[in-house]
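Hi,

Here is the structure I promised to pass on. Have a look at it first, and then read my notes below.

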Amino acid sequence: MNEYLKKLLKAKAEKNLAIQKALEKSAESGETPDEETEKEIEQHEADIAAIEKNIARTEKQIAQIEQAAKSAKPVEGDTPENAAKSADPNNTPVVVKSNLPKGLGFALAVKATVAAHKSNQKNGGGGTNAIEVLKSWNAPESVQNLIRAKANIGTTTGADFAAALVDQQNLTNEFIELLRPATILGRMTGFRNVPFNVKIPTQTGSTSVNWVGEGQQKPTTDMKFGNITLTKSKLAGIVLLSDELIRFSSPSADALVRDDLVKTISQFIDGQFLDPSKVESEDSPASILNGIAGIKSTGTTAEAYQTDLLTCINGFIDGNQSLDGSYWVMSETRAAQMSLLRDALGNTYFPGMSFGSGSKTLLGLPVVTSQTAGEKIVLIKPTEILLADDGGVDFAISNEATITNGTEAINLFQNNLSAIRAERYIRWKPVRKAAGWIDYSA
């Protein structure tokens, strides 16, 4: 903690020195600071203010630790020396958490990898590496450890191997934590989480009984069993970044990289999850709506919406299924339209459908909004869905490939672009009817 305080004080001194030099330069010319110099000074002043806040926090923590050391008392059977030792700040474990916004550490690691790759290409393999790039950006040690972990996967050499892997897990989970709420799957609870490549026994038929008279033959039947296996399936999304964006190391650029990765993956997952035409294959799961006929809407008036919603609900009730734990999924646009519907007295027709962000309910069930729902309202029961999720994201970078979107080929090298490919293992499979949907397309 004391070492950290020294670094903060040194950083503050360097910023003050930079301001002094900028002012001396203007004084020598006999003019007030020009616009560029003024911006530089203002940035240094903002940095100093942030450093001073951290200095105050750190000094407070040091004072608390020292006070704890002074007031430490030995427990029964212990010695004063051991009590003092346990309260010694040098022997007190301190947990340091990164103050980076969620997902920014992962985005920094991606950006540094791209920058290092370009540096090596430009210098014939003699450029910098990702860790050196991160150090030049003053990136936290945990972000640097993420890069070290990726370089050391598959080896057991190096004293820092285990520590690096811990940081990799933390930062990857940080990215997943940001991604999950952005997806439909992440905003619903109740899924039956299972591992990949494990057989799950299922009952496909039950025994039967019947009334029998005296001396009559009793019915005999066998129970029917099967199994379900969720094999591994991998989804991937690609984000293109310009060289200028990669080289620009401000937090705003890092956040943009992070948000693009989140958006690419979440849109892909949601689209596949709700696309009725998506069939199951060896490499990917079917949509939860595949094989389920959509209910043709009767209109978009309040009465028509209520009729269609009740028809969808009856599809579950007729199958002897409860709606406990179920969710409605629809687009933000449709949710807004429904929230504006009024009855003859001017009252909201669907009270739980508030306009804008915030939690929503419809006929007593929670609502999840996503534009990927398109022209559909979907009723989903997560407890009837098996979900295998590896819980990790990996990435790869290239600036030499040719990327195609189906109609247009984009050469990355020619256009000064880099492609970042993010991958995630995930698969789902309904065990019984898990969804119904209303079709509002023309």
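Let me start with a pair of strands: β10 (residues 385–398) and β13 run antiparallel to each other, joined by 11 bridges. Strands are DSSP runs of E with at least two residues, helices are runs of H or I with at least four, and both are numbered from the N terminus. Two strands pair if DSSP finds at least two bridges between them. One of the bridges here links Ala396 with Arg421 in β13.

Before going on, a word on the source: this is a predicted model, where local features need pLDDT of at least 70 and side-chain atom pairs count only at pLDDT 80 or more, while totals for chains, interfaces and linings use all residues. Residues are numbered from 1 along each chain as its sequence is written, and side-chain values use heavy atoms, with hydrogens and water left out.

Lys234 has Tyr425 of β13 as its bridge partner. The ring of Tyr425 also has the charged end of Lys232 over it, 5.0 Å from the ring centre. (A charge sits over a ring if NZ of Lys or CZ of Arg is within 6 Å of the ring centre and within 35 degrees of the ring normal.) Why call β13 (residues 417–430) largely enclosed by the rest of the structure? Because 10 of its 14 residues are buried, and buried means under 20% relative accessible area, with exposed over 50% and partly exposed in between (1.4 Å probe, protein chains only).

There is also an open sheet of six strands with mixed pairing, in the order β5-β14-β9-β6-β8-β7. Its edge strands are β5 (295–296) and β7, each pairing on one side only.

Arg334 leads on to the aromatic rings, as its charged end sits over the ring of Tyr440, 4.3 Å from the centre. How many aromatic pairs are there? The count is three, where rings of Phe, Tyr and Trp (its six-membered ring) pair if their centres lie within 6.5 Å, with planes under 30 degrees apart stacked, over 60 edge-to-face and the rest tilted. One of them is the tilted pair of Tyr305 and Tyr440, at 5.5 Å centre to centre and 45° between the planes. Tyr305 belongs to helix α10 (residues 302–317) and Tyr440 to the segment after β14 (435–439), so the pair ties together parts 135 residues apart in sequence. Tyr305 is buried at 1% relative accessible area, and Tyr440 is buried at 9%.

Another pair is Tyr349 with Phe350: the centres are 5.1 Å apart and the planes at 65°, so this one is edge-to-face. Tyr349 is partly exposed at 26%, whereas Phe350 is buried at 4%.

Finally, the whole chain: there are 11 helices and 14 strands, and 36% of the 442 residues count as buried. Mean pLDDT, the predictor's confidence in each residue from 0 to 100, is 79, with 81% of residues at 70 or more. Over residues 153–158 the pLDDT is below 50.

Cheers

Notes. Contact means heavy atoms within 4.5 Å.
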